[in-house]
Structure formats: C-alpha cells, structure tokens
Amino acid sequence: MTMNRTGAALLLVAGAGVIAVTLALWGQPLVSASGEIRLWVNSIWSPETSQQVADWYSVSHLVQGMLLALLLRALPLRRPDTVLLWSAFAIGVGWELAEHTDFVLDRFRATTLYQGYLGDTVLNAVMDYVFMLAGVALARALPVGAALALVAVLELASSLIARDSLTLSTLQVVAPQQAVADWQEAIRPARP
C-alpha cells in the first residue's frame, strides 16, 4: 500500500495523537508538576527529565529513529518508503505506550539510575516520538556513512556528557552492570 505525502503526514500526526490520548487516559500528567515548560533539561538527575520538551533521552530517540531508517535501508524491500513509514509509526507509538506499562516501568526502576521513575509527561512522550521521526528523516537524508558517524557521535557524546545513551540504557535494562551504574552515579548531584 503506497501513501501520498498528505496521507503519510496524517498518519504520523495521528501517532502523536494516539500517544497523547492514551497516556492521558492512563493518568500520565500533561506537563511537569512544576507547571513550567522548558525546551531542554541538561541533567539526567533533574526531576524535570522526561517531563519537558527535550533532554538527553531525546537524543536516544533521535538515534533510535536513525537506526531504524538505516536498518531498513539495508534491506532489499519492494516499497522501502512505505515500510519505513509504517515501521516508524508502529515502533514510535508502540514504544511510547510500552514504556508506560508496569512491566517496562518496573524494569527501568530496577536500575539505580531510574529508581523512582514514574514515566514521561504526555508532552515529553509526544516529543520523544517527534525526535524519533526526526531521526528517521535525518538518516534518510544523509549518506549511510554520515548517518552511521552521526549515530556514533551522538551515542558517545550522550555517554560521556550525560552518562546515559540508548546503548547504556538498553544494557542497564536488559543486563545491568554494576560498574556502569557506579560510573553513572558518580555524577549524581549531592542530595540536600
């Protein structure tokens, strides 16, 4: 099934709507409890992380979208744009909803870094989806080598600056490593 640009745009916008309505019905707050709306939260330890427009985890969603597009580019598909469109929709919406299930929230909370994590605000979840879509678009626009280099730079920068990245988050949720947890904890601000 092929889709024109308008249909594709409507599908992707509908994905944001599905995320927003579902999470709101599940009781996730629309915005941060502080009532503020910030464009960027720089510390993974801030209570505003996963509550605002963007943070270091937005970079992970950008990388996720890039990896999806690069993977699908490598496969011999009859209709690669259609497959990419539906895959981006399904994976983007699917992850944002799955992330807010008790099973996934409990897996995150089992690691030191995410103890007390209650999930994203609706604003942050929708923006994470938008960042994933931006990653798909970016990887489609760049040559493969440049896209792979950018993924490596983003992962390395996130790991070194924020001490978390898509790679480290996945590792810590799937097979937690105490050495990684200790390294991440080393930059936690002192608690009052």
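Trainee: Why is serine 50 called buried?

Mentor: Serine 50 has a relative accessible area of 8%, and buried means under 20%, exposed over 50%, and partly exposed in between, with a 1.4 Å probe and protein chains only. So serine 50 counts as buried. Keep in mind that this is a predicted model, where local features need pLDDT of at least 70, side-chain atom pairs count only at pLDDT 80 or more, and totals for chains, interfaces and linings use all residues. Residues are numbered from 1 along each chain as its sequence is written, and side-chain values use heavy atoms, without hydrogens and water.

Trainee: What is the phi of serine 50, and where does the residue lie?

Mentor: Its phi is near 65°, a positive value in a residue other than glycine. Serine 50 sits in the loop between α1 and α2; helices here are DSSP runs of H or I with at least four residues, strands are runs of E with at least two, and both are numbered from the N terminus.

Trainee: And what makes arginine 163 buried?

Mentor: The relative accessible area of arginine 163 is 18%, so the label is buried. Arginine 163 also has a positive phi of about 65° although it is not a glycine, and its place is the loop between α6 and α7 (166-174).

Trainee: Why is leucine 118 called exposed?

Mentor: Because its relative accessibility is 63%, leucine 118 counts as exposed. This leucine belongs to the loop between α4 and α5. Leaving out residues up to four places away in sequence, leucine 118 touches Gln28, Leu105 and Arg109, where contact means heavy atoms within 4.5 Å. Leucine 118 and glutamine 28 are 90 residues apart in sequence, yet their C-alpha atoms are 8.6 Å apart in space.

Trainee: How many aromatic pairs are there?

Mentor: The structure holds four aromatic pairs. Rings of Phe, Tyr and Trp (its six-membered ring) pair if their centres lie within 6.5 Å; planes under 30 degrees apart count as stacked, over 60 as edge-to-face and the rest as tilted. One of the pairs is tryptophan 40 with tryptophan 56, edge-to-face at 5.4 Å centre to centre and 70° between the planes. That pair links distant parts of the chain, 16 residues apart: tryptophan 40 is in the loop between α1 and α2, and tryptophan 56 is in helix α2.

Trainee: Are those two tryptophans buried, exposed or partly exposed?

Mentor: Tryptophan 40 is partly exposed at 38% relative accessible area, whereas tryptophan 56 is buried at 11%.

Trainee: What makes tryptophan 86 and phenylalanine 89 a pair, and of which kind?

Mentor: Their ring centres are 6.0 Å apart and their planes stand at 80°, so the pair is edge-to-face. Both residues lie in helix α3, three residues apart, about one turn of the helix. Tryptophan 86 is partly exposed at 35%, and phenylalanine 89 is buried at 18%.

Trainee: Which residues touch the most other members of the largest nonpolar core?

Mentor: Ile19, Ile44, Tyr129 and Val136 do, out of 42 residues in that core. Helix α2 gives the most to this core, with 10 residues. A nonpolar core is a set of buried Ala, Val, Leu, Ile, Met, Phe, Trp, Tyr and Cys residues joined through side-chain atoms within 4.5 Å.
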